[in-house]
Amino acid sequence: MCQLLGMNCNTPTDIVFSFTGFATRGGLTDHHSDGWGIAFFEGSGVRHFVDYQAAVTSPVADLIRRCPIKSQHVIAHIRKATQGRVTLANCHPFVRELWGRYWVFAHNGDLKNFNPTLDGPYRPVGTTDSEHAFCYLLQELQRTFGSALPPLADLRAELARLMPLIAAHGAFNMLLSDGSALFAHCSTNLYYVIRQHPFTTAKLSDEDLSVDFAEVTTTNDRVAVIVTQPLTTNETWTAFQSGELITFIDGEVA
């Protein structure tokens with residue numbers, strides 16, 4: 001199956017270190033070579049990059065590794081196709097508008113017989129179960145709350161109601177963000193680490209690369225990284241529980 005990577009911070013931060021290790025799994029240290037993508041929130045806008053090539057050989061992925069784009073909310077994905085052809089339209093993350101803001105979504109898992117009626121404005125462009133699930137989520141959120149963004153507590157409660165309905169059809173590990181919070185749901189495998197003062201040196205498990213975060217951060221910085229499998233060998237990663245939905249705001253669990 002696919003793998004997910006998310007980052008949520010209290011100050012704009014680049015994801016070059018984590019993405020470097022993550023992208024290596026897209027065809028070199030692992031077999032997720034059927035495309036990849038990444039989205040960075042920047043104010044009310046989103047920088048969105050996808051490619052049907054493997055992340056280890058994609059020139060676009062090389063650009064991301066070399067260009068330190070800073071953001072407080074990032075969602076990335078490397079794909080091992082289970083449903084849908086290897087094509088650009090099937091690459092995660094997917095982006096849609098709701099309540100006058102962009103929403104970004106990526107999924108790891110395989111949903112069987114998941115065919116809810118889509119009778120709202122959201123339709124898949126590609127042929128994945130993942131994009132169908134994203135359209136269904138946005139449709140149901142709009143149906144519940146109408147034309148206005150609800151308070152965070154209400155939004156989270158509705159997401160918590162919807163997650164098991166989708167997960168009943170298979171593994172539903174997902175990342176979702178509107179640029180104000182990052183929601184992460186686990187069915188099978190998902191981990192997070194929070195990096196904050198006092199910062200230490202981290203070493204990637206998929207690349208011979210280390211970084212001393214104390215040299216590139218301030219004492220006020222706080223960064224949460226969420227991933228399918230831990231990216232580093234010398235940090236303590238916290239495992240999600242099956243069925244758990246966690247909200248991250250400003251680099252910490254909200």
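Tyr192 sits in strand β9, residues 191–196, where strands are DSSP E runs of at least two residues and helices are H or I runs of at least four, numbered from the N terminus. This is a predicted model, in which local features need pLDDT of at least 70 and side-chain atom pairs count only at pLDDT 80 or more, while totals for chains, interfaces and linings use all residues. Residues are numbered from 1 along each chain as its sequence is written, and side-chain values use heavy atoms, leaving out hydrogens and water.

Buried means under 20% relative accessible area, exposed over 50%, and partly exposed in between (1.4 Å probe, protein chains only).

| Residue | Relative accessible area | Class |
|---|---|---|
| Tyr192 | 15% | buried |
| Tyr52 | 46% | partly exposed |

Not counting residues up to four places away in sequence, Tyr192 touches several residues, among them Trp237, Phe240 and Phe248; contact means heavy atoms within 4.5 Å. Gly6 is 186 residues from Tyr192 in sequence, yet their C-alpha atoms are 9.0 Å apart.

Now to the nonpolar cores, sets of buried Ala, Val, Leu, Ile, Met, Phe, Trp, Tyr and Cys residues joined through side-chain atoms within 4.5 Å. The largest has 30 residues, and Phe19, Trp36 and Ile38 touch the most other members. Helix α1 gives the most to this core, with 4 residues. A second, separate core of 27 residues includes Leu98, Trp99, Leu141 and Ile166.

Beyond its neighbours within four places in sequence, Ile38 is in contact with residues including Phe19, Phe49 and Pro93.

Finally, Tyr52 lies in the loop between β3 (45–51) and α2.
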